[in-house]
Amino acid sequence: MKAVTVQPMTKDSIRFEEVPEPDESTGSILVEAVAVGICGTDVEIASGAYGWAPEGRDRLILGHESLGRVVEPGPSKGLQAGDLIVGIVRRPDPVPCPNCAVGEWDMCRNGQYTERGIKQIDGFMSERWRIEPDYYTKLDPSLGILGVLLEPTTVVTKAWELVMAMRGRGFWVPRTALVTGAGPIGMLAALIGVDLGLEVHVLDRVTEGAKPDLVAALGATYHSGAIADLDLEPDVVIECTGVGSVIIGSMQKVGAGGVVCLTGVGGGGGGSGLSPADMGKTVVLQNNVVIGSVNANRRHFYRASRVLAAADRSWLEKLITRRVPPDRIADALQRGPDDIKVVLDFGAAR
Ligand SMILES: [Zn+2]
């Protein structure tokens, strides 16, 4: 079979090449790939900046936003050939830490977790892959290729869960949310915010293209420009850009008692003119919370599958802006100005 492979930490090493069939030790369920979503992490790995090959090997099969069709369910009860499933990305560390020990590997404390397509386990950009019975989520079959949006949905399902857990601090009922960044994560964060009954605002740089319409179609309000200029005092900010000035702006913009959840990963960047102590003062005097959130566990995969099953299909379809066959992985990794979610379409290759 063929797969997209990379040599982690090595530039220009990406190939669509012949690899062995997936080993039975990697799971009793055999799956044929339908599609794999591409995100910033894949671009980072392909650029040679991140990633780990499995032990004893130089190359890693890329891809963690999976969607596959079951070929052989094995002894797994509740699964049949033809079912659409998505593989869970992270596996608990072997120690295990207290969180991994109770199945909350997304909160791993010692960093020894592994991740499919990222850290020491092959990913899902192969014509066939295997999965263990405890590490998949079955999808509503009517989702079809839209099921490839599940993994990014799990990320924001967890983020919202963390935000809502902050209600226990006092009399705090969030009414208004600001989502920064209208990429796939921001769009899905906005979808969940609207589902939760909040008044949702989405901020992005672009003023045209599909994003403003997609936000409006949710019943949310689209904004462009600087965060500081927004005439809003949101109770919640879901930060999805990883851009320094937007992160600082989010912490300044959120209302008293509010929660900022950071999901974007950036780096470097310029100053905001505010010292760390000034930022700290803002957070202290307003009893604000700033939470970081990454990855997802089985509960988030299940909840996210419910979110997608209930979502408007034509809206979800517009999030997938390009479908590229796997032999054109290099094109798929190039982000176009109008791209929201680009997916490798393995079905098209058959
Ligand atoms: Zn752990």
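## Briefing on a predicted chain

Glutamine 120 counts as partly exposed, because its relative accessibility is 34%. The bands are these: buried means under 20% relative accessible area, exposed means over 50%, and partly exposed lies in between, with a 1.4 Å probe and protein chains only. This is a predicted model, in which local features need pLDDT of at least 70 and side-chain atom pairs count only at pLDDT 80 or more, while totals for chains, interfaces and linings use all residues. Residues are numbered from 1 along each chain as its sequence is written, and side-chain values use heavy atoms, with hydrogens and water left out.

**Overall build**

- The chain holds 10 helices and 19 strands. Both are DSSP runs numbered from the N terminus: helices are H or I with at least four residues, strands are E with at least two.
- The radius of gyration is 20 Å, which agrees with the value near 20 Å for a compact globule of 350 residues. That radius is taken over C-alpha atoms, and the globule rule is 2.2 Å times the number of residues to the power 0.38.
- Along the principal axes, the C-alpha atoms fill a box of roughly 55 × 45 × 40 Å.
- Of contacts with a separation of 6 or more, 69% link residues 24 or more positions apart. A contact means heavy atoms within 4.5 Å.

**Surface and charge**

- Buried residues make up 54% of the 350 in the chain.
- The chain exposes about 15600 Å², and carbon and sulfur atoms supply 51% of that area. Areas come from the Shrake-Rupley method with a 1.4 Å probe; for residues, only the protein chains shown count as cover.
- There are 35 positive and 43 negative charges, and their mean positions lie 3 Å apart. Lys and Arg count as positive, Asp and Glu as negative; His and the chain ends are not counted. Each charge is placed at NZ of Lys, CZ of Arg, CG of Asp or CD of Glu.

**Helix H3**

- H3 is mostly covered, with 14 of its 16 residues buried.

**Backbone details**

- A cis peptide bond joins valine 95 and proline 96, with omega about -20°. Proline 96 sits in the loop between strand E7 (90–91) and H2.
- Glutamine 120 belongs to strand E9 (residues 120–121). Its phi is positive, about 70°, although it is not a glycine.
- Asparagine 295 is not a glycine either, yet has a positive phi of about 65°. Asparagine 295 lies in the loop between strand E17 (289–292) and helix H8 (298–310). At 11% relative accessibility, asparagine 295 counts as buried.

**Two residues and their surroundings**

- Methionine 107 is in the loop between helix H2 (98–101) and strand E8 (114–116). A relative accessibility of 37% makes methionine 107 partly exposed.
- Leaving aside neighbours within four places in sequence, methionine 107 is in contact with Asn99 and Lys158. Tyrosine 136 is 29 residues from methionine 107 along the chain, and their C-alpha atoms are separated by 19 Å.
- Threonine 282 is in helix H7 (residues 276–285). Threonine 282 is partly exposed, with a relative accessible area of 22%.
- Not counting residues up to four places away in sequence, threonine 282 touches Met251, Gln252 and Asn288. Glutamine 252 is 30 residues from threonine 282 along the chain, with 6.9 Å between their C-alpha atoms.
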